[in-house]
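Thanks for coming. I'll go through one model today, starting with a strand and ending with the confidence values.

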Amino acid sequence: GFKLSAVDSGNFLIPQPDGSFIATNDHDWSAIALGVTLDDIVRTAYGADRIHTVFPAGWPTNKLYDYVSNLPERTARPLQELLRQQFGLAAQWQTVETNVLVLKYANPANPGLHPAESLMHSLNLTNLSLLQRSTGAERAVAGRTVYIDQTIPGLIHQLGLENHCGLPIIDETRLTNRFDFFFKNPAWYDRYPEQTAYKDALFNQLGLELLPATRPVRMLIVTGTPPLPPQP
């Protein structure tokens, strides 16, 4: 499946609480999705991601749908209502106790976290845009990407750690400063799970440790009877 979207060309950056920025559009938008799963439509309708969404048991994954979304009021309510009418599905954000990975600062002797903008100056990275500063300067140094002026929540977001590890990640490092850092994405194989690869990379490169735990997390809980999968 794939998605196509058509948006106005007036893009801008929305500052986030963690100091990062999200590229978005300041005008009405429309989109067409072809051959996408129902869970993808639900997450689009409620602004959720895969890690923070809980679907009912028996949810089909092999039925694909097309849809057109044209929401001039910048609201997903019409799409939510369509899901309710057509499939009897609803969803609600709730705080639930669930399995997570807790991020700790386990090795302060590791020099991987540098004072904010120190790497920018030492590497002579000038005229960086806000987007480059917040999402990685895309400068390869010995196969690593340099990230400038990041918070720890920003680091979690920019490295996509929740998707790579398959669980919500809770920041318990107690680090409130901003940092520059290098990071080399790890390789992994069938006998070396992706989560393990990123755990090792974080510890060895940045002195950060991911530990299993349970914590209250805001999750999108989907309710209703899922539609039947297509007949063979």
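Buried here means under 20% relative accessible area, exposed over 50%, and partly exposed in between, with a 1.4 Å probe and protein chains only. Helices (H or I, at least four residues) and strands (E, at least two) are DSSP runs, numbered from the N terminus. This is a predicted model, in which local features need pLDDT of at least 70 and side-chain atom pairs count only at pLDDT 80 or more, while totals for chains, interfaces and linings use all residues. Residues are numbered from 1 along each chain as its sequence is written, and side-chain values use heavy atoms, with hydrogens and water left out.

Take strand β12, residues 179-183. Five of its five residues are buried. F179, F181 and F183 point one way from the strand, and D180 and F182 point the other way.

Now its neighbours. Two strands pair if DSSP finds at least two bridges between them. Strand β8, residues 114-115, runs antiparallel to β12 and is joined to it by two bridges; H114 has D180 as its bridge partner. Strand β10, residues 144-150, is also antiparallel to β12, with four bridges, and there T145 stands opposite F183.

Next, the cores. A nonpolar core is a set of buried Ala, Val, Leu, Ile, Met, Phe, Trp, Tyr and Cys residues joined through side-chain atoms within 4.5 Å. In the largest one there are 21 residues, and L113, L155, F183 and L202 have the most contacts inside it. Elements giving two or more residues to this core include β12, α5 (152-158) and α7 (194-206). The most comes from α7, with four residues. A second, separate core has 18 residues, among them A45, A48, W59 and L220.

For contacts, the cut-off is heavy atoms within 4.5 Å. Leaving out residues up to four places away in sequence, L113 touches F179, D180 and F181, among others.

What about H52, buried or exposed? H52 sits in the loop between α1 (38-46) and β5 (53-54). It counts as buried because its relative accessible area is 14%. Beyond four places in sequence, its contacts include W93, E162 and L220.

Last, confidence. pLDDT is the predictor's confidence in each residue, from 0 to 100. The protein chain has a mean of 80, and 74% of its residues reach 70 or more. Over residues 1-15 pLDDT stays under 50, and over residues 18-29 it also stays under 50. Where pLDDT is low, the predicted coordinates should not be read in detail.
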